[in-house]
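Please look at the sequence and the model first.

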Amino acid sequence: MCFASIPDFSDSAYWMYRHLMASRAGLHFTWLVHDETHADQVSEDFRSSPHASNHRLQVLPWHSVAAYRAYLRSSVVFHTHGVFNFVASRPGRQVVSLWHGMPMKVICAFEDSGRFANDVGGDIHVASSRLYRSVIAAAFLADPKSVLVSGLPRADVLKGHLPPVLDRTTIAETVGLDPDRPIVVWLPTHRDDSADGRVHSFLDQIDDDVLHALVQTCERAGVQVVVKLHPLDGLNDGYEGPLASNAAVHFLTSEAWTRSGAQLYDLLAAADGMITDLSSAAIDFLHTRRPIGIVGYDESTYERDMIVPMGPLTASEAIFHLRDAETIDTFVGSLETCTPIDLPDNDVAHWVIEDGDICSSETIAAAVGL
């Protein structure tokens, strides 16, 4: 088995690997890493597993002859953003493209010059619904019959099909939170750098009054707001604004998150709610039936086209468009109650997730004959 992800050792590739570790025996795992400092993390994770004695592991630098040879010799390859895509398919090797979430923004073939347009190949692709099966097939120029409506392995921990690596108490301690108080995870996406060379921040897109109301309402309710910054967000270089001194807000820079060694979906599994603008993780989080707040997105000014129009999506009972004090109060109130949100049969969420009863990792494993 060969695994490759961006970032290293994360996302659906990680959860696919973890499922195979626990449910199979006699496998030889190869992890390819861009950053060789992550090799120790991969090796330590393997050694600490109760299933380690059933398997073998090697960790190789992504850009190396050894990695290329390991790829060629693999029976199955799992990747999130492509790996050695110039190699033709052959009998005996199956390449599974897990991508990194069901897209809300246009990707690959839908873009004029997508970063990964020519790099992401696979004999098998995955989707969370029949709607997204068509989207994934079109985006990657794939036969729709090659797209499994299996869902994403990373969502298995949110659906309860895989246990988290770190439980709520441990993940809270890892990132400096109180596990006994409500937790909402804020996942802002990347903004393109401006023409004048200034690096954008997600805060640039949020109305000051809305931001103030959201943070103050969370503070009064005792809700902890964890802002996990995108690796390309300018705030990773430092932030001294009004949120920096607010006791309700905890900033996690990319460096701090990497040092923690935690998995994002452990943090999401522990969260009582989520805030974002356009993160694909919001699609996965619908499985939890916990509230999702959308803030910092204006369809009239957004630079990229959308796969799923935000108007109908925010009509879901689980999604709150945080534009005014009343909606913010309702959203924060739902975080306090921790009551699952009922999604009626006609809720738009059912168009984007149909895999709630499916263990995605097991479905994919069976599809490749494991």
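The text below covers aromatic rings, then a helix pair.

This is a predicted model, where local features need pLDDT of at least 70, side-chain atom pairs count only at pLDDT 80 or more, and totals for chains, interfaces and linings use all residues. Residues are numbered from 1 along each chain as its sequence is written, and side-chain values use heavy atoms, with hydrogens and water left out.

Rings of Phe, Tyr and Trp (its six-membered ring) pair if their centres lie within 6.5 Å; planes under 30 degrees apart are stacked, over 60 edge-to-face, the rest tilted. By this rule there are 17 aromatic pairs. Two of them involve Phe-9.

| Pair | Centre to centre | Angle between planes | Type |
|---|---|---|---|
| Phe-9 and Tyr-17 | 5.9 Å | 65 degrees | edge-to-face |
| Phe-9 and Trp-31 | 4.9 Å | 80 degrees | edge-to-face |

Both Phe-9 and Trp-31 are buried (under 20% relative accessible area, with a 1.4 Å probe and protein chains only). Phe-9 has a relative accessible area of 2%. Tyr-17 is buried too, at 1%. One aromatic cluster includes Phe-9, Tyr-17, Trp-31 and Phe-78.

Now the helices, which are DSSP runs of H or I with at least four residues, numbered from the N terminus. The axes of α1 and α14 (residues 360–367) come within 9 Å and cross at roughly 75 degrees. Axes are lines fitted to C-alpha atoms over the stretch in contact, with angles from 0 to 180 degrees between N-to-C directions. α1 and α14 are therefore roughly perpendicular (65 to 115 degrees). Contact means heavy atoms within 4.5 Å. Among the residues making it are Trp-15 and Leu-20 of α1 and Ile-364 of α14.

Conventions. Buried means under 20% relative accessible area, exposed over 50%, partly exposed in between (1.4 Å probe, protein chains only). Helices (H or I, at least four residues) and strands (E, at least two) are DSSP runs, numbered from the N terminus. Angles under 35 degrees count as roughly parallel, over 145 as roughly antiparallel, 65 to 115 as roughly perpendicular and the rest as oblique.
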